[in-house]
Amino acid sequence: MSPDRDEILQAVSSAVLAVTRHLSVREVLQVIVRSAQRLLDARYAALGVPDEDGSFAEFVAEGITDKQWDAIGPLPRQHGMLGAMLRDGTPVRLPDVRKDPRFEWWPKAHPVMKDFLGVPIRDGEQVLGIIFLANKRTLGGFTEADQDLLTLFAAHAAIALTNARLYERGRELAMLEERNRVARELHDAVTQKLFSLRLTAQAASAMLDRAPEKAAQELERVQRLAGEALSELRAVIVELRPAELDRHGLAETLRKHVRMLDRLQPSLVTFECAELPEVASAVEVAVLRVAQEALHNALRHSEAGSVSVRLAYENGKLALTVRDDGRGFEQAESRGLGLVSMRDRAESVGGVMTVESARGSGTTVHMEVGV
């Protein structure tokens, strides 16, 4: 049974109007994919936005669980049928995608897809992305009417995607302006403190021999100034919230970072995340930075074959775990691994970070913080 006119208009408008609710590009893509899947009664639906490096800047899918995604591995690249659609910019409707000469292969854990319908999302001559459906739930596969409907839907999806990008670009410009303001504050406040700190230290050094009591007073002032400078610097750093967190949130930002590392590094890097509550901005920044530092250590120093990242909400706390199967280290060898700064980041938001490691037993970095 084909969808009626009201259902079509509702699906189209939900994707376009998603932008007016101030959703991110990724959230708009998810609305588009879910609407298309429901509209055309498909088991699988996906939408890919290409990047300039032969992969996809964004790729969202319906019908595939997070566990299946982890088993499938890195995001698809622009090859095979997806690459052909991006190059040609024309719709593709097939009774069995596996029999088409443009089909190449799937990862071992990829679900089996048969009947296939894909159309480009275009802005004039530019192909913004591709949306495709597979395995229609009703018998007979996708019809010509389905292709016409998805083509119409893709035209409206192009409007939604373009508007979402414009909205995010506006937010990025606003954040850039805010970062410039913070940079000026950093220069005016912290730099001035550090200049006073240097002068006071020089004065204390000159008094050490002839006036030790005054030198001690000056050294106390050095300590106080250093503490004030550190506090102000931390406050400024907290304000320097990565743009990705504003666009995607903590879980998705970390997922994208892990997927990028998995593509670039010989080690297998995986990510697991349960549903999270709303998290304070400073906590998101601290958790992201600790995770990035722990991943950097594991991939650069541990010679690990695999590294796993897990983010979960447990017993009222946000828990981050980064575990590798590398060579590990003894406590005396931990200098240079950034462990002190990682602990400082965790403690700055009321969290606790622990590290477990031993020679030949890998390393586990664990951070917990209340939310």
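**Reading cores and a sheet**

Reader: Where do I start with the largest nonpolar core in this predicted model?

Author: The general idea goes like this: in soluble globular proteins, nonpolar side chains tend to be buried together. Here, the largest nonpolar core has 36 residues, and those with the most contacts inside it are Val287, Leu311, Leu320 and Met367.

Reader: Which elements give two or more residues to this core?

Author: They are helices H7 (243-264), H8 (281-301) and H9 (339-348), along with strands E6 (268-273), E7 (306-314), E8 (317-324) and E10 (363-370). H8 gives the most, with eleven residues.

Reader: What is Val287 in contact with, leaving aside its neighbours within four places in sequence?

Author: Val287 touches Leu250, Leu311, Leu318, Leu320, Met367 and Val369. There's also a second, separate core, with 29 residues, including Val33, Val60, Leu133 and Phe142.

Reader: On to the sheet. What is the strand order?

Author: To read a sheet, follow the pairing from strand to strand. This open sheet of five strands runs E2-E1-E5-E4-E3, with antiparallel pairing. E2 (56-62) and E3 (92-94) are the edge strands, each pairing on one side only. From one strand to the next, the twist averages 10°.

Reader: How many bridges join E1 and E5?

Author: Six, between E1 (residues 42-50) and E5 (residues 126-136), in the antiparallel sense. Among them, Gly48 has Ile130 in E5 as its bridge partner.

Reader: Which helices pack on the sheet?

Author: One is H2 (residues 25-39), which touches E1, E2 and E5 and makes about 40° with the direction of E2. Another is H4 (residues 80-88), touching E1, E2, E3, E4 (116-123) and E5; its direction makes about 140° with that of E5.

Terms used:
Residues are numbered from 1 along each chain as its sequence is written. This is a predicted model: local features need pLDDT of at least 70, side-chain atom pairs count only at pLDDT 80 or more; totals for chains, interfaces and linings use all residues. Side-chain values use heavy atoms; hydrogens and water are left out. A nonpolar core is a set of buried Ala, Val, Leu, Ile, Met, Phe, Trp, Tyr and Cys residues joined through side-chain atoms within 4.5 Å. Buried means under 20% relative accessible area, exposed over 50%, partly exposed in between (1.4 Å probe, protein chains only). Helices (H or I, at least four residues) and strands (E, at least two) are DSSP runs, numbered from the N terminus. Contact means heavy atoms within 4.5 Å. Two strands pair if DSSP finds at least two bridges between them. Axes are lines fitted to C-alpha atoms, for helices over the stretch in contact, and angles run from 0 to 180 degrees between N-to-C directions.
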